[in-house]
Amino acid sequence: MVGADTAGEALGYGTQVFTGIRPTGDLTIANYLGAVREIVDLQQTYEPVVFVADVHGMTDQSPDTVAEHREEVVKDFLALGVDPDRAEIFTQSQLLRPLGAATVLLSGEITLNELTNVPTLKDKLGDEQDPLSIRTLMALYPVLMAADILAQRAELVPVGKDQIAHIELTRDLARRFNDRHEPTFPMPSAYMADGGGEPLKILALTGDGKMSKSQPGGALFLADDRSEVTRKVRRAQTGMDGQVTPHIESLVNIAKGLTGDATVHQKVDGIIDEYKAGGQVMGQLKGVVTTVVNDFLGEYRYQRAAQGPDLVHDVLAQGNARANARAEETLDAMMSALKM
Ligand code: TYM
């Protein structure tokens, strides 16, 4: 897959694996499973670039909230296993000049009508709010996201299911720009762990919808202690009558996604087989999930506590400089394609 889709384009891929997280609250294990886990796996082979999407954070959070979480996300990337010797980490706001310019230029490729019909925006607003009444930064969310990806000339973008529509739009914008002007961008793709499988959507433990930083009751946070994890998993929705519901699938994805231990995977598969055959085994499944999550978070806590005081500063100094240079190079190519 790497190296595909480049024919005839002026710029090559600038980075093979790329993703970002908004610093809008404490991270959940779904953030890890949806995006960071693939980065950690792929860094054996590639040199990933990850970033803190703090400008995106401003679309619905205060500058104070974003400032409070900005460096926490960097610490989390590192504690979750992003290796600073293999990967770059940057903050989006430190690249705002090239990214802002790229956003303006890319917005020449999309109509207001298309922007207000992006499914993620519609979901966010619900039926009551008129899309034309929102702040323009919110409407520009997917164009800025396209700028993030295209400025780094990313090839594979690990994201959860909720971001797939944005990756599709990024590809559309790249295609339109390449076709209407000069071939400039290599084509990015969403990356799924099993290479082409279903994008991941971890559900809230209770109720409907995805597990999210903004729905604390249904989320397992990286910051949760052992007793919180135990309590939340005990209350998690499951299913009845041997039906494997999306909530059960989510619990399976959590247990299998947080450990590579084959015996745990077999145990989970065995529990699900027994459940399908009529066994009352959801308590067992919850027991495995609780243990796996607590083991994972124990290691995370250890890694966070072991971080030296200058680590974040040093990592960002290097990451910001490199990512900025790449973004400037892409912006130059965009401007030249537009005869500027
Ligand atoms: P954010 O901060 O909402 O989420 C970060 C990552 O976590 C994934 N994720 C999930 N995956 C599975 N199940 C869930 N319940 C779940 N909740 C969150 C998200 O899909 C995401 O991959 N727009 C992005 C940030 C962004 C970005 C980018 C990402 C800005 N520019 C460029 C990649 C490339 C966002 O809101 O992520």
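This report walks through a strand, its neighbours and a few residues worth a look.

What you see is a predicted model, in which local features need pLDDT of at least 70 and side-chain atom pairs count only at pLDDT 80 or more, while totals for chains, interfaces and linings use all residues. Residues are numbered from 1 along each chain as its sequence is written, and side-chain values use heavy atoms, with hydrogens and water left out.

Let's start with strand S1, residues 15-21. Helices (H or I, at least four residues) and strands (E, at least two) are DSSP runs, numbered from the N terminus. Five of the seven residues in S1 are buried, and buried means under 20% relative accessible area (exposed is over 50%, partly exposed is in between, with a 1.4 Å probe and protein chains only).

Who pairs with S1? Two strands count as paired if DSSP finds at least two bridges between them. Strand S2 (residues 49-52) runs parallel to S1, joined by four bridges; Gly20 has Phe51 in S2 as its bridge partner.

**A cluster of rings**

The structure holds five aromatic pairs. Rings of Phe, Tyr and Trp (its six-membered ring) pair if their centres lie within 6.5 Å; planes under 30 degrees apart are stacked, over 60 edge-to-face, and the rest tilted. Here are two of the pairs:

| Pair | Centre to centre | Angle between planes | Type |
|---|---|---|---|
| Phe18 and Phe51 | 5.2 Å | 5° | stacked |
| Phe51 and Phe90 | 5.0 Å | 10° | stacked |

Phe18 in S1 and Phe51 in S2 sit 33 residues apart in the chain. Phe51 and Phe90, the latter in strand S3 (residues 88-91), are 39 residues apart. Phe18 and Phe51 are both buried, and Phe90 is buried as well. Ring pairs link Phe18, Phe51 and Phe90 into a cluster.

Most residues other than glycine have a negative phi. Arg153, though not a glycine, has a positive phi of about 50°; Arg153 is found in the loop between helix H8 (141-151) and S4. Asp241 also has a positive phi, near 60°, and lies in the loop between helix H10 (226-234) and helix H11 (246-257).

Is Arg153 buried or exposed? Arg153 has 7% relative accessibility, so it counts as buried. Asp241, with a relative accessible area of 73%, is exposed.
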